[in-house]
Amino acid sequence: MPSPGLQRIIVAHLRLAGEDPGILLLPFEREVREYVSYVSNEDMRWLVEMDPLGGEYPSLEEDKENVRRAYRIEARLRLAIKYSVASQSLKNAGILLFTAILQSLALPKNLRTKVEAASRFFDKRRPPIPPKKSEELVEMYQNLQEIFKGFLEVAKASLREGKAHEEGDTKLRAGPFTLVNTGNFSAETMTNVASLVEAAADLLGKKRLSKICYGDVQVTKTLKRADVLAFYMEATDEIFVRANVRKNPDTVQTLLHELGHRMEAKFLQGKEKEIVGIYRDLNTQSLVQKFREPSLPHPEKGESITIKGKTYFVLDTRYSPRAGGSYKVELATTPGGKFEATVPLASFVALRQGITKKPSGAFITPYAMKGGPSENFAEMFSYYCMNKLPEEQVRMLEPILF
Ligand SMILES: [Zn+2]
């Protein structure tokens, strides 16, 4: 894949030129053509028919030649598989093209879904791991060839069938953000999204973090999965929000989480060590805490708590030897009433603090633990903006933010 540097520069210039998807098609098409011709069909056919590495090491000079050829082809296949997402020029060309299409064209629904899938493909994806067997290498590369050819077709169809958004019709000011109506949504839908992003902007303003509130928010029909309300695309520094969201504390917090990713990507360069450091510290604390759980204060008998909208009263707190041993709070729906449910002591304490998700040791949510340093940062950031982050964690976070 020659001259990735030059491609990057060309693409960057095109980006400045106004993100006309028609212009962006050309560099993408060139990248795809280069990609699909990286290993020739003849070489692949030869490799599968010969399967020279499947058998014994050859003793004949001629076979050695074949083995060398096979290695050469396999190396190219591996590189091509890696390049499917690791090539900066291909990735940039893809991201810019499909983002520009999403931003500037109104598309029929099925086409829009495909464009969204294409734009996600290029964003933050890890290269697939090349398989060992030569046949499987060929198969994986051929699949990728088909994927890219498909993307090219999708882009061309979009340019043919898409209609340019009317300026003013599709853009709506929402506090410091501009909402882009990408799916012909009603004024009511757009107003709902506006109230959501404005609520997030308000909270960020109170924390003196208004600097991350800027730019376009793409309002779209479907995101990654049905349960994803919003996401941040690092490559283009854009926020996407699903059109049918309603403003409530959970959705505001989800948006703040995504804006936390922008905070890290755009404003905390050079603070990677600290962000990893917080994660590591919390991980250590979690391990220690596991053994300290009995020291959590037990709730008073009769104390009330709301779980999923239902009010319960504490009957007792008991040690349960099951599943490694832990303290459980026993609950009834009336004070001193009939035993109805139990909840782990740690969860009870978290619920009382207004943390609705299941706590995970020292981490604010299980996702913060599972997701690694960046996700933990975004989770902490969102809880911080919602004023729900425990004081110890505020003390860890603030020095990084300011
Ligand atoms: Zn995240």
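The model I am reading is predicted.

**Helices α6 and α7**

I looked up how α6 (residues 109–122) and α7 (residues 134–161) meet. Their axes come within 10 Å and cross at roughly 135 degrees. The crossing of the two helices is left-handed.

I then listed who makes the contact. From α6 I have Leu111, Lys114, Val115 and Ala118. On the α7 side I have Phe151, Val154, Ala157, Ser158 and Glu161. By class, I count 6 nonpolar, 1 polar and 2 charged residues in this contact.

**Helix α8**

I checked the length of α8 next.

Which residues of α8 are buried? I noted Val193, Ala194, Leu196, Val197, Ala200, Ala201, Leu203 and Leu204.

What do these buried residues pack against? I found the strands β3 (171–174), β4 (177–181), β5 (216–220) and β7 (238–242), along with the helices α9 (249–267) and α13 (373–385).

After α8 comes Arg208, and I noted that its phi is positive, near 60 degrees.

**Whole protein**

I recorded 14 helices and 11 strands for the protein. Of its 402 residues, 34% count as buried. I also looked at contacts with a separation of 6 or more: residues 24 or more positions apart account for 63% of them.

How values were computed: Residues are numbered from 1 along each chain as its sequence is written. This is a predicted model: local features need pLDDT of at least 70, side-chain atom pairs count only at pLDDT 80 or more; totals for chains, interfaces and linings use all residues. A residue is buried if 20 or more other C-beta atoms lie within 10 Å of its own, exposed if 12 or fewer, and partly exposed in between; C-beta atoms are placed from the backbone. Helices (H or I, at least four residues) and strands (E, at least two) are DSSP runs, numbered from the N terminus. Two residues are in contact if their C-beta atoms, placed from the backbone, lie within 7 Å. Axes are lines fitted to C-alpha atoms, for helices over the stretch in contact, and angles run from 0 to 180 degrees between N-to-C directions. A crossing is left-handed if the near helix is turned anticlockwise from the far one by less than a right angle, and right-handed if clockwise. Ala, Val, Leu, Ile, Met, Phe, Trp, Tyr, Cys and Pro count as nonpolar, Asp, Glu, Lys and Arg as charged, and the others, Gly among them, as polar.
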